[in-house]
Amino acid sequence: MLPYTTFNIPEYPDQKTGSKDQWLWIILNEASGQAEEELLGKIIPAVKADPGTHVRQFIAVQDDTLSLSSLGITDAKLIISFGVIPSRLGLWIDLESQGMRKLEKFSFILTTSLRDLSTNAVAKKNLWSSMQRFLDKK
């Protein structure tokens with residue numbers, strides 16, 4: 001009898017299975033600097049999330065498709081995408097500009113990149129409005 005072949009499939013840090021507590025997913029279009037991290041530090045508590053417990057963060061690099069369905073998207077209640085359109089995430093929803101869509105299992109908010117958001121008052125207002133709508137329907 002021949003021995004069974006065993007394959008080890010590595011889990012990379014951005015593809016590890018999340019926990020049920022990680023209900024807020026943050027999608028970034030690039031690595032964030034200190035100013036962007038400070039802005040995230042204000043956004044995350046504004047939706048009543050704990051940064052250490054409730055948040056999963058992903059970086060979708062240019063010309064790369066990050067498939068959210070392969071990452072256990074049913075665990076998410078809110079996805080905030082900073083500069084990454086839904087089609088690049090494997091979601092086919094009609095949201096090409098800033099705003100929010102309520103889907104069956106989660107809400108999806110699209111806004112500008114964190115870098116642009118820090119200087120764009122209109123984008124901040126749109127994001128705040130979308131976050132308020134999420135909290136009102138939660």
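The largest nonpolar core in this model has 23 residues, and Leu24, Ile43, Ile80 and Phe82 have the most contacts inside it. A nonpolar core here is a set of buried Ala, Val, Leu, Ile, Met, Phe, Trp, Tyr and Cys residues joined through side-chain atoms within 4.5 Å. Buried means under 20% relative accessible area, with a 1.4 Å probe and protein chains only.

Strand 1 (24-28), helix 1 (34-46), strand 3, helix 2 (114-117) and helix 3 each supply at least two residues of this core. Helix 1 gives the most, five residues. Helices are DSSP runs of H or I with at least four residues, strands are runs of E with at least two, and both are numbered from the N terminus. Apart from this core lies another, of 17 residues, with Trp25, Leu68, Ile73 and Leu89 among them.

A word on the source. This is a predicted model, in which local features need pLDDT of at least 70 and side-chain atom pairs count only at pLDDT 80 or more, while totals for chains, interfaces and linings use all residues. Residues are numbered from 1 along each chain as its sequence is written, and side-chain values use heavy atoms, leaving out hydrogens and water.

Back to isoleucine 80. Which residues does it touch, not counting those up to four places away in sequence? They are Leu24, Trp25, Ile26, Ile27, Ile43, Ile109, Thr111, Leu127 and Met131. Contact means heavy atoms within 4.5 Å.

Five strands form an open sheet in the order 2-1-3-5-4, with mixed pairing. Strand 2 (55-59) and strand 4 (99-102) are at the edges with a single partner strand each, so one side of each has no neighbour in the sheet. Two strands pair if DSSP finds at least two bridges between them. From one strand to the next, the twist averages 15°.

Strand 4 and strand 5 (residues 107-111) pair in the antiparallel sense over four bridges. They form a hairpin with four residues between them. Lysine 102 has serine 107 as its bridge partner, and methionine 100 stands opposite isoleucine 109.

Helix 3 (residues 121-137) lies across strand 3 (78-82), strand 4 and strand 5, and runs at about 175° to strand 5. Such angles run from 0 to 180 degrees between N-to-C directions, with axes fitted to C-alpha atoms, for helices over the stretch in contact.

Technical notes: Buried < 20%, exposed > 50% of the residue type's maximum accessible area, 1.4 Å probe, protein only.
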